[in-house]
Amino acid sequence: MLQQGQPGKALALLQRAAEKDSASMEVHYNMGVAHTHLKEYAKSIAAFERAVELAPENPDAHFALGIALGVEHRQRDAAKHFARAAALAPDRAEYHFRLGEARQALGEVEEAVAAFAAAIRVDSTHVDAHFLRAGLLASSNRPEEAEQGYRRAIELDSRRADVLWELGQVYMQQGQYPQAAEVLRSALELEPRNTHALYLLSQVYLLSGQPDERAEALSTFQRLSAAQRHFKQGALYAERGATDEARQALREALELDPDHSKAQQKLAQLDKER
């Protein structure tokens, strides 16, 4: 039932099974999975906690409990169970990676860096582990190490615009403006409407003494930022039922950015509802 996407029916069967065998780790674990699918996270935590009580050496039970606790923003408790899962199964990169995410959310930078590094040791192709570790290194004023991490992430996935523009920031930190401009332009080839990358590029041109290029990048940034503001205003008007105001705001967004697909779709939806 769970595999067929019927968590409600699965849960009913699992509850009957738990009545007959309350000491089955597998039953409580799968009850936790069913509750998770139903977005009943408090109940899923209780089920996974029972599974951990019954099988304290089972890494999957600790990991699943960590995931559920994280959804409920209980990062301290989640980190404890991710750490236990990683200790029980040190060859599972995802356990170390999730521990790194929890440590990062808690502001424990060095511990997070270490957890992401452990994930990378297990799986050198884990793009997000390289990416998040590099971000922490950059924020810790370690740009050379961060650069290596970002470059490795790009080697693994050249279509990650977020990696490229963060690498651009690291190059800016180091005063390497030609390299920064190159990777930021690459990021914009992947995401032409990425206003963050556009603003960074305008700053690179400013710092490297290219006023014409800076003016063009800044103008594009301002135009697309204004279009996005109009789009958000239009979406807000639509939610409130102010359809005329919503259409006007969406048209203004499209005047500034004719290829804004979300504005096009929202306006078409409003026109259809007339």
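Guide: We may begin with the largest pocket, which is lined by R193, T195, L224, S225, Q228, D257, D259, H260, S261 and K262. Please note that this is a predicted model.

Visitor: How is empty space found in general?

Guide: Rolling a probe the size of a water molecule over the atoms shows where empty space is left. In this model, the largest pocket has a volume of about 160 Å³.

Visitor: Which elements give two or more residues to the lining of the largest pocket?

Guide: They are α13 and α15, the latter covering residues 261-272. The most is given by α13, with three residues.

Visitor: How does the lining of the largest pocket divide by class?

Guide: The lining has five polar and four charged residues, together with one nonpolar residue.

Visitor: Let us turn to the helices. How does one describe a packed pair?

Guide: Two packed helices are described by the angle between their axes and the distance between the axes. Take helix α11 (residues 177-190) and α12: their axes are 9 Å apart, and the packing angle is about 155 degrees. Because angles over 145 degrees count as roughly antiparallel, α11 is roughly antiparallel to α12. The crossing of this pair is left-handed.

Visitor: Which residues of α11 and α12 make the contact?

Guide: From α11 come Y177, A180, A181, L184, R185 and L188, and from α12 come A197, L198, L200, L201, V204, Y205 and L207. By class, the contact of α11 with α12 has 12 nonpolar residues, one charged and no polar.

Visitor: At what angle do the axes of α12 and α13 cross?

Guide: The axes of helix α12 (residues 195-207) and helix α13 (residues 211-239) cross at roughly 160 degrees and come within 8 Å. That makes α12 roughly antiparallel to α13, and their crossing is left-handed. On the α12 side, the contact is made by T195, L198, Y199, S202, Q203, Y205 and L206. On the α13 side, the residues are E213, R214, A217, L218, T220, F221, L224 and S225. This contact of α12 with α13 has eight nonpolar, five polar and two charged residues.

Visitor: How do α13 and α14 cross?

Guide: The axes of α13 and helix α14 (residues 243-256) come within 8 Å, crossing at roughly 160 degrees. Therefore α13 is roughly antiparallel to α14. The crossing of α13 with α14 is left-handed. Among the contact residues are R223, H230, F231 and Y237 of α13, and E245, L250, E252 and L256 of α14. The contact of α13 with α14 divides into 10 nonpolar, three polar and three charged residues.

Terms used:
Residues are numbered from 1 along each chain as its sequence is written. This is a predicted model: local features need pLDDT of at least 70, side-chain atom pairs count only at pLDDT 80 or more; totals for chains, interfaces and linings use all residues. Side-chain values use heavy atoms; hydrogens and water are left out. Axes are lines fitted to C-alpha atoms, for helices over the stretch in contact, and angles run from 0 to 180 degrees between N-to-C directions. Helices (H or I, at least four residues) and strands (E, at least two) are DSSP runs, numbered from the N terminus. Angles under 35 degrees count as roughly parallel, over 145 as roughly antiparallel, 65 to 115 as roughly perpendicular and the rest as oblique. A crossing is left-handed if the near helix is turned anticlockwise from the far one by less than a right angle, and right-handed if clockwise. Contact means heavy atoms within 4.5 Å. Ala, Val, Leu, Ile, Met, Phe, Trp, Tyr, Cys and Pro count as nonpolar, Asp, Glu, Lys and Arg as charged, and the others, Gly among them, as polar. On a 1 Å grid over the protein atoms alone, a cavity is a set of points where a 1.4 Å probe fits but cannot get out, and a pocket is an open set with protein on both sides within 12 Å along at least five of seven lines; lining residues have an atom within 4 Å of a point. Grid points are joined across faces, edges and corners, and a volume is the space filled by probe spheres set on the points.
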